[in-house]
Amino acid sequence: MQMPKITDWKGVATEEIKAFFLEAAAHTYAAGADNSTIAQLPGSEVLCFHGERDGRVFSYVDCYFSSGRRSFGQTVISVGRIAVWGMQYHGFWQSEDEERVIPFLKRALMAAYGAKAFVGGRGPRVYRETEGGLLYCNYPESDDFTNFKGHEEIVDDTNATTLSGFLFRHKYEGLLL
């Protein structure tokens, strides 16, 4: 059964929440913002962004964990003191390529966020730079901000010998609560 389309959350337009997500995402991980930790969650990396829209306080909290090869995280948007939207993601990358893959991932994400494009909450469908040989692909099953999932990957077009061809692969999903 498919979830019904939601146009607002208790008087807050879905488009307003989505616009806040894109603004916050462009100012946090993809932008290289400083992170903090949650004492009760050892090893956590936390990025926060806050803003006000039409007299309402919006908060964005992205909390993730990484082993240096695998990662898991979630992003939550709250209006006032109530969570209204969330996304979870998890996956892996080849640790020996981290120094080139992670900065490339951030640039791919920023390409979507900077263009204010919601493509399953991650980067554009395809992102490639002229140098480096890396290719980012995003496969959302839906671009519906209220209910989505998909996966993203980075491959090295110049080297087909990497594990399964992937240098990076994450799955993601999320919804409006």
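The accessible surface of the chain amounts to about 9,500 Å², and carbon and sulfur atoms hold 53% of that area. The model is predicted. As for burial, 45% of the 177 residues of the chain count as buried.

The chain contains two helices and eleven strands. Read from the N terminus, its elements follow the order β-β-α-β-β-β-β-β-α-β-β-β-β. The chain is as compact as a globular protein of 177 residues, because its radius of gyration of 16 Å is close to the 16 Å from the globule rule. Along the principal axes, the C-alpha atoms occupy a box of roughly 50 × 35 × 30 Å.

Some values for the chain are tabulated here.

| Property of the chain | Value |
|---|---|
| Radius of gyration | 16 Å |
| Box of the C-alpha atoms | roughly 50 × 35 × 30 Å |
| Distance between the mean positions of positive and negative charges | 4 Å |

Among contacts in the chain with a separation of 6 or more, 48% come from residues 24 or more positions apart.

Helix α1 covers residues 14-26, which is 13 residues. From first to last C-alpha, α1 reaches 18 Å, close to the 18 Å expected at 1.5 Å a residue. How much of α1 is buried? Ten of its 13 residues are, so the helix is largely enclosed by the rest of the structure. The buried residues of α1 include the charged-type side chains Glu16 and Lys18, along with Phe20, Phe21 and Leu22. Thr14, Ile17, Ala24, Ala25 and Ala26 complete the buried set of α1.

Note on methods:
Residues are numbered from 1 along each chain as its sequence is written. This is a predicted model: local features need pLDDT of at least 70, side-chain atom pairs count only at pLDDT 80 or more; totals for chains, interfaces and linings use all residues. Side-chain values use heavy atoms; hydrogens and water are left out. Helices (H or I, at least four residues) and strands (E, at least two) are DSSP runs, numbered from the N terminus. The expected span of a helix is 1.5 Å times one less than its number of residues. Buried means under 20% relative accessible area, exposed over 50%, partly exposed in between (1.4 Å probe, protein chains only). The radius of gyration is taken over C-alpha atoms; the globule rule is 2.2 Å times the number of residues to the power 0.38. Contact means heavy atoms within 4.5 Å. Accessible areas come from the Shrake-Rupley method with a 1.4 Å probe; for residues, only the protein chains shown count as cover. The place of a charge is taken as NZ of Lys, CZ of Arg, CG of Asp or CD of Glu.
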